[in-house]
Amino acid sequence: MIYAISVFGIISQMAVSCAKTGTYSSNNSPSVSYVTFMNLAPYGDSTSIYFNGSAYPTTYPVTAYSSTYFSLASGNYDVQFKTSTASDSLLAEIPASPFDSLGTYTLILYNDTAHGKVKAAKITDDFSNVTVSNTYYRFFNMATDMPSLDLYINNVKVQSNRTVADNIQNTLYNSFLPISNGYVSIQVKQAGTTTAVGNTLTGTLNLGQPYTIFLEEAQDSSGITYSLAILAASL
């Protein structure tokens, strides 16, 4: 089940368009899967995605991500992530696995240690518990140099000690949890402290809408910055 887009907070990232031919499909046939991608590896590089050797026609700089799902002909795919400036330079790979008909998936590039290798993961997005009675959220800590965080919604701690990329090993963190809809304030703090990390998100959450909240990390000549962002699941 895919939900209409709702832009939240002050996010400005690149959107992805569906290719019209080949591996990628713009229709809603039951023979397609739905895929979204997040390049959240601060020690990585700009990347292109290859499905069984076929390049998806969008490149993603570090901290860029899809704002919507794109459709992919269902089947088994080996997924490779290569530097967009040198196509023979492999950043990471997800071994061949099924992309089921009408299945929804999030692909993520990440670092779980500072200056460590780039890793990739495929997450199955399960919307089976989503109803119009609630709003839903999940949280990813993808800030490599911020190892443990507490998540606050409306000044109430709702998750504790979320470590870097812990949702990759503990898939329960990929589930969408119910929360009251309406105006919210979302913040992360260093675990067990009152020290805020990054920005605070404020805005209105919609009924029946699943959101992914995540802390990302970026690096440049001035140092490390952390940004809290949120995405609404959207086709």
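Tutor: I begin with the pair Asp 166 and Arg 162, which form a salt bridge whose closest N and O atoms are 2.8 Å apart, the term standing for a side-chain nitrogen of Lys or Arg within 4 Å of a carboxyl oxygen of Asp or Glu. Asp 166 and Arg 162 are both buried, where buried means under 20% relative accessible area, exposed over 50%, and partly exposed in between, with a 1.4 Å probe and protein chains only. The model is a predicted one, in which local features need pLDDT of at least 70 and side-chain atom pairs count only at pLDDT 80 or more, while totals for chains, interfaces and linings use all residues. Residues are numbered from 1 along each chain as its sequence is written, and side-chain values use heavy atoms, with hydrogens and water left out.

The structure holds 4 salt bridges, and another of them joins Asp 125 to Arg 138, with 2.9 Å between the closest N and O atoms. This pair links distant parts of the chain, since Asp 125 lies in the loop between β9 (119-124) and β10 (135-141) while Arg 138 sits in strand β10, 13 residues apart; strands here are DSSP runs of E with at least two residues, numbered from the N terminus. Asp 125 and Arg 138 are both buried.

A further salt bridge connects Asp 112 with Lys 119, the closest N and O atoms being 2.8 Å apart. Asp 112 counts as partly exposed because its relative accessibility is 30%, and Lys 119, with a relative accessible area of 29%, is partly exposed as well.

Turning to the strands, 4 of them form an open sheet in the order β4-β3-β6-β7, with antiparallel pairing, two strands being paired if DSSP finds at least two bridges between them. Because β4 (54-60) and β7 (90-99) stand at the edges, each with a single partner strand, one side of each is left without a neighbour in the sheet. From one strand to the next the twist averages 20°, with axes taken as lines fitted to C-alpha atoms and angles running from 0 to 180 degrees between N-to-C directions. Strand β3 (residues 47-51) pairs with β4 in the antiparallel sense over 4 bridges, and Tyr 50 stands opposite Ala 55 in β4.

The loop between β4 and β5 (70-73) contains Thr 68, which counts as buried because its relative accessibility is 15%. The C-alpha atoms of Thr 68 and Ala 232 are separated by 8.4 Å, although the two residues are 164 residues apart along the chain.
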